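Dear colleague,

Please find below the structure I promised to hand over to you. My notes on its cavities and pockets follow.

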Amino acid sequence: MSEAIHAIPEASKQGGPEVIESFEVAKGNVFGDLLSKRSEPRTLKVGLITVGFFEYWRMFPASFQDEVRHDMTLVYENLKRHVKHVVWPGLVHTLDTADAAGRQLKDDQVDLVVYVAGTYCPDYMAIQVLSHIREVPVLLFNTQGSNRVNLSGSYAHMMRNSGLIASTQLSATFRKMGWYPDLKVVVGAHEEEAAYAEIGAYVRAYETYIGLQSLNIGVIGHVFRGMYDFEYDKTKIKGTLGPNVISIQVDHLLRQFREAAEDDIRDIVSATKNRFNIVGLGDEDIERSAKFYYALRSTIERFRLDAVTLLGQHYTEEKTGTTPYLANTMLHEEGRYVVNTEGDVHGLIMMCIMNRLTGQTPAFAEWGEYDETLNAILMIHHGYAHTDYATDRGRIKVNRSPEQWGLAGKGFGFEYTLKPGVVTLGHLINDADGYKMLIVRGKALHVPDSIPCEEITALIQLESPVKSFLAALIKEGFAHHCIIAYGDLSEELSQIARFMNIRACVY
C-alpha cells in the first residue's frame, strides 16, 4: 500500500507537465502543501565532553593521566548502555584538544552534550568546546570513583575525584554568562546505574520532544459538541507542544471506504474472526469495520500522517455505518500510527509522546468511579486498545458498541480489562494560564474476569489517597479523558514538560 503512495504521477512519467495541487483537492499523491515523505523518528547524537587538566600530568605519577583516561572511558562505556548514539572525541586536557573536540562535535552535528570532569579543570576548557555548539542543551554529570569518601586517599586520589570543583566553577560561569539557564545536572559515581538511567531518561525525553516538531497529526471531523475541554488552537499547539495539526475532510476517508474492494479486506475479516470471540455481530458488521480500517490506514498513508483523531459519533459512524474501533486497535497493534477519537488532539499528542518513549501505543480512557478501599479508580472508554494489554487474551470479547450513534448495524467494540502492572496516566490541557501536563503514577490491579460492560476497562490504584487526588484533579481542571501507558514515565514526562516550558502536575 505504501509504495503506491509515493508513486510518480502519470503525467510526469509520460513527460507531461506535473500539476501540483493542495492535498485537499488533489487526485494524486503528490501535494504542494505536504511533504512528499513522512518524517521518521531519528536517534539523537549525544556528544560526550570529558575533561582533565594538563597541569596535573607533570605533578603526579606517570600513571595518573592513564588512570583519569580509564575513568572517562568507563563513563563512556556505561553511557553507551543507556544512550544509542554517543560521540566521544576523547579526553580534553588542553585548549587545543578542547577546540578540536568542539569542532568534531559540530561536524558530527550532535543534538545534546553530556559534560564530565575527570579532574578539576578550569572552565575555559569547556567554554572552548561549547563555543562551537552553543545551540545544543547541556547535561552536567558530576561523577567520582565511588559514593564513599576514601579516608586514606592521597592528594592525587582526591584530584582524580575532584570533578565537583570543576562542575561548580563551570555552572557558576554559565550563570554569569547567561548560558544554559535550564542546565540539567546528574550526580552519581562512575558505575552508579541510577545516574546513567537518569541521563538516559533525559536523553529519551529530549529525543521525544525534538521528534514532536515534525509530527503530523490529522483531524477528521472536529471536537465532539460540548467538549470544551478538548478544544484547541493549532497555532498554540505548534508553538508550544510542537506537532503540526492538519484538518482532513471526511470525504477523503469516505472515498477510501467506498473504494475498498473485497480483496482489500478479505484477510482482515478472516483474521478478526479467527482471533477473537465474536458475540452477536453479523458478517456485515465485521466487513464494514474491516473497510473502515482499510480506509483509515489508506488516508493516513496518503497524507503522510503520524497520528489521527476522528470524530466518530454522528459523523464517521453515521456515514460509514460502523465504529472505528477495529481500525484503531489494529493500527495500535501494528505500532506505526497512533489514533484516537472524539477529536481529542491533546490526548493524541500525549499518546504520541508515550508511544515514542515506550515503543508501545498507550490506551485511551475516561475517568470513572472510584474505590476507596482499593484506593483505585475504574477507567473506561470505547472499545479499542492494544490487545496485548488484556489480562487474558483468551477472554477478549468482540461485541456491539454500547453507544449507537447512527450505525447501520451493531458496530464493533472490544470488551476486556487491562492487565496488572505499573502505569503512568497523563494528558494535556490549555487553560487560561497556558498549557499544563498531567502526570500520575499508579498500578493497574489484577482483575481476573473482564468487567462485563461491553467496553475496555482498567482498575488503577493510585499512590496518593484517591479522594484527595480526585479533588485535586477536578480543581486543576484537567480534561475528562486520560491516557494510560505501562511503565513509570514520570521522569521523562516531567522533563518534556520543562522542554515545552509548561507546568507539570505530578501525582
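A search of the whole structure, which is a predicted model, finds 2 cavities of 30 Å³ or more. A cavity here is a set of points, on a 1 Å grid over the protein atoms alone, where a 1.4 Å probe fits but cannot get out; a pocket is an open set with protein on both sides within 12 Å along at least five of seven lines, and lining residues have an atom within 4 Å of a point. Grid points are joined across faces, edges and corners, and a volume is the space filled by probe spheres set on the points.

Local features need pLDDT of at least 70 and side-chain atom pairs count only at pLDDT 80 or more, whereas totals for chains, interfaces and linings use all residues. Residues are numbered from 1 along each chain as its sequence is written, and side-chain values use heavy atoms, with hydrogens and water left out.

The largest cavity has a volume of about 60 Å³. Among its 13 lining residues, Ala-363, Phe-364, Ala-365, Leu-418 and Ile-456 lie nearest its centre. At least two lining residues come from each of the strands β12 (363-371), β13 (376-381) and β18 (456-462); helices (H or I, at least four residues) and strands (E, at least two) are DSSP runs, numbered from the N terminus. This lining comprises 10 nonpolar, 3 polar and no charged residues, where Ala, Val, Leu, Ile, Met, Phe, Trp, Tyr, Cys and Pro count as nonpolar, Asp, Glu, Lys and Arg as charged, and the others, Gly among them, as polar.

The second largest cavity, of about 40 Å³, has a lining of 3 nonpolar, 2 polar and 3 charged residues.

Two or more lining residues come from α9 (193-212) and from α16 (345-358), with α9 giving the most, 7 residues.

The second largest pocket contains about 350 Å³ of space. Of its 15 lining residues, Pro-137, Asp-182, Leu-183, Tyr-202 and Phe-499 are the closest to the centre. Helix α18 (490-500) gives the most to this lining, with 3 residues.

Yours sincerely
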